[in-house]
Amino acid sequence: MDEELQRLEDQRERLYRRLSAFGDFRLGTISETHTRCGKKNCACADRSHPGHIRYLWNTSRLGKSLAQHLRLGPELEQTQRQIDEGHRVQKWYRDILELNEQICRLRPVPEMEDRKELDALKKKLRRRFWMRRKKRSAA
């Protein structure tokens, strides 16, 4: 078990070192929308025309949706690269979480020799979780 734990900790250390290799990244998606400009002589005024293409970077922060217009060309390309890098960062993060959960399951629980110390810890933990339950039931 110690060998397995050491192997997982080494693997986690390698993953942590990979963090510095990530470049600029952002989360979200790029969507393509079609709009009409409203000019009578424009091609988009014809009903058969799909309209002008707009590219939007969409994301959400703290539960609010955000969108930013992107210009076709270098700005759109740069944003797509950053989003792709963001997906790689998210995969790295999921890998770290999974690895840490495995390490936590393998790590031995410390033994307490002193009976009074153990009873005090149990009392403290009961009180902590009891207070959480009281707060939830009051809400």
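1. The side chain of Thr79 reaches the backbone oxygen of Glu75 at 2.9 Å. This is a polar contact in the sense of a pair of N or O atoms within 3.5 Å; within protein, one atom must be able to donate a hydrogen and the other to accept it, and residues adjacent in sequence count only if both atoms are side-chain atoms. The model is predicted: local features need pLDDT of at least 70, side-chain atom pairs count only at pLDDT 80 or more, and totals for chains, interfaces and linings use all residues. Residues are numbered from 1 along each chain as its sequence is written, and side-chain values use heavy atoms, with hydrogens and water left out.

2. Thr79 belongs to helix 2. Helices (H or I, at least four residues) and strands (E, at least two) are DSSP runs, numbered from the N terminus. Thr79 counts as buried because its relative accessibility is 3%; buried means under 20% relative accessible area, exposed over 50%, and partly exposed in between (1.4 Å probe, protein chains only). Apart from neighbours within four places in sequence, Thr79 is in contact with Arg26, Ile30, Trp57 and Leu70, where contact means heavy atoms within 4.5 Å.

3. Arg26 lies over the face of Trp57, 4.5 Å from the ring centre. The criterion for a charge over a ring is NZ of Lys or CZ of Arg within 6 Å of the ring centre and within 35 degrees of the ring normal. Arg26 may also be placed relative to His87: the two C-alpha atoms are separated by 8.4 Å, although the residues are 61 apart along the chain. His87 is in helix 2 and is partly exposed, with a relative accessible area of 42%.

4. Which residues make up the largest nonpolar core? The nine are Leu5, Leu8, Leu15, Phe22, Val89, Trp92, Ile96, Leu99 and Ile103. Helix 1 (2-18) and helix 2 (74-106) are the elements that give two or more residues to this core, and helix 2 gives the most, with five. A second, separate core has five residues, including Tyr55, Trp57, Leu76 and Ile83. A nonpolar core here is a set of buried Ala, Val, Leu, Ile, Met, Phe, Trp, Tyr and Cys residues joined through side-chain atoms within 4.5 Å. As general background, nonpolar side chains in soluble globular proteins tend to be buried together.

5. A search of the whole structure finds one aromatic pair. The pair is edge-to-face because the rings of Phe22 and Trp92 have their planes at 75°, with centres 6.0 Å apart. Rings of Phe, Tyr and Trp (its six-membered ring) pair if their centres lie within 6.5 Å; planes under 30 degrees apart count as stacked, over 60 as edge-to-face and the rest as tilted. Phe22 lies in the loop between helix 1 and strand 1 and Trp92 in helix 2, so the pair ties together parts that are 70 residues apart in sequence. Phe22 and Trp92 are both buried.

6. Leaving aside neighbours within four places in sequence, Ile96 is in contact with Arg12, Leu15 and Tyr16, while Asn100 is in contact with Arg12 and Tyr16. Asn100 lies in helix 2 and counts as buried, at 18% relative accessibility.

7. How do the strands pair? Strand 1 (residues 29-35) and strand 2 (residues 52-61) are antiparallel over seven bridges, and strand 2 and strand 3 (residues 64-70) are likewise antiparallel over seven bridges. Two strands pair if DSSP finds at least two bridges between them. Among the partners, Thr35 is bridged to His52 in strand 2, Tyr55 stands opposite Leu70 in strand 3, and Arg61 has Lys64 in strand 3 as its bridge partner.

8. The hairpin of strand 2 and strand 3 has two residues between the strands. Leu62 lies in this loop, and its phi is near 50°, a positive value in a residue other than glycine. Leu62 counts as exposed, at 90% relative accessibility.

9. Asp119 is in helix 3 (residues 115-138) and is partly exposed, with a relative accessible area of 36%. The C-alpha atoms of Asp119 and Asp24 are separated by 51 Å, the two residues being 95 apart along the chain.
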